Amino acid sequence: LGASLAGELTQSFGRMRSALSKARQAEDVSLKISALPLFTNVWLVPNLVRFQTKRPDAVIEIETTNRLADFAADDIDIAIRNLTAPPTNALGARKLMDLYAAPLCAPGVAARLRAPDELKRETLIHISARDNGWPNWLKAMGLEGLKPAGHLSFDTVPSAIEAAVQGRGVILGLAPLVWDTPAARDLVVPFATPQYHAGSYYVLYRSADLARPLVRAFVEWLAASVRADARRMTKLGAARLVV
């Protein structure tokens, strides 16, 4: 009787382990990504099909937002953010690409600009989520006290770029990603300036989650793909650095 009972228990535990394993595998087909709107629209959406081809079973949900990601309170698996340095907490992080800020404007506006200090005659276009962009750039150029003719602010990058295309002012674009923004292809950099580093895109995740096959697969695919594509975008914009 004892041997029979032990055999049944062993089989039961085996079935339980198998069921738990299948449940975990089923749970690991869902991936929630929180990414910045510009990165989502310009890079992630056009390229995501390549990851989906590799993992057709993955159920991917994308949240576009400029706010900080909270891995303790939010139900996200991956975050993509622009940071000046990798996080020092328990989060895992991999750098995707360095970003460099450059003034961009319509050719008609560029025709009357020859040096950074001439921005005092123009309207500066701001992104509300990056309201320190222009002040930091002007300070780095030695123009901290410059007062432009006007200010125009938008809550999204596409709206700000469209205003620049229409000649409403000068925007501070983030290269190399900006070169893949369709509207920005009608913009130019009006004058040569020292290169200004404006942070880097990082992919962030809970360190423990890297044990999840889906999370690891996405992080490794994203890091490799963005690095390779950044070289292409840099070449695309190199010829347009100066009018």
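This is a predicted model: local features need pLDDT of at least 70, side-chain atom pairs count only at pLDDT 80 or more; totals for chains, interfaces and linings use all residues.
Residues are numbered from 1 along each chain as its sequence is written. Local features need pLDDT of at least 70 and side-chain atom pairs count only at pLDDT 80 or more, while totals for chains, interfaces and linings use all residues; side-chain values use heavy atoms, with hydrogens and water left out.

**Exercise 1.** Find which residues of helix H5 are buried, and state what covers them.

Solution. 
1. H5 spans residues 157-165; helices (H or I, at least four residues) and strands (E, at least two) are DSSP runs numbered from the N terminus.
2. Its buried residues (under 20% relative accessible area, with exposed over 50% and partly exposed in between; 1.4 Å probe, protein chains only) are Val 157, Ala 160, Ile 161, Ala 163 and Ala 164.
3. Viewed down the axis of H5, these residues fall within an arc of 155°, so they line one face of the helix. The arc is that of the directions from the helix axis to the C-beta atoms.
4. The cover includes helix H2 (37-54) and strands S4 (91-104), S5 (123-127), S6 (150-154) and S7 (170-175).
5. Just after H5, Gly 167 has a positive phi of about 80°.

**Exercise 2.** Carry out the analysis for helix H4 (residues 133-140).

Solution. 
1. Gly 133, Trp 134, Trp 137 and Leu 138 are buried in H4.
2. Down the axis of H4, the buried residues lie within an arc of 120°, so they line one face of the helix.
3. They pack against S4, S5 and S7, where contact means heavy atoms within 4.5 Å.

**Exercise 3.** Is Leu 177 buried or exposed, and which residues does Leu 177 contact?

Solution. 
1. Leu 177 sits in the loop between S7 and strand S8 (197-206).
2. Its relative accessibility is 0%, so Leu 177 counts as buried.
3. Leaving aside neighbours within four places in sequence, Leu 177 contacts Leu 38, Phe 39, Val 42, Trp 43, Met 97, Tyr 201 and Met 233.
4. The C-alpha atoms of Leu 177 and Leu 99 are separated by 7.8 Å, and the two residues are 78 residues apart along the chain.

**Exercise 4.** Locate Asp 28 and describe what its side chain reaches.

Solution. 
1. Asp 28 lies in the loop between helix H1 (2-27) and strand S1 (30-35).
2. At 12% relative accessibility, Asp 28 counts as buried.
3. Its side chain makes a polar contact with the side chain of Arg 212 (2.6 Å). A polar contact is a pair of N or O atoms within 3.5 Å; within protein, one must be able to donate a hydrogen and the other to accept it, and residues adjacent in sequence count only if both atoms are side-chain atoms.
4. The side chain of Asp 28 also reaches the backbone nitrogen of Leu 214 at 3.3 Å.
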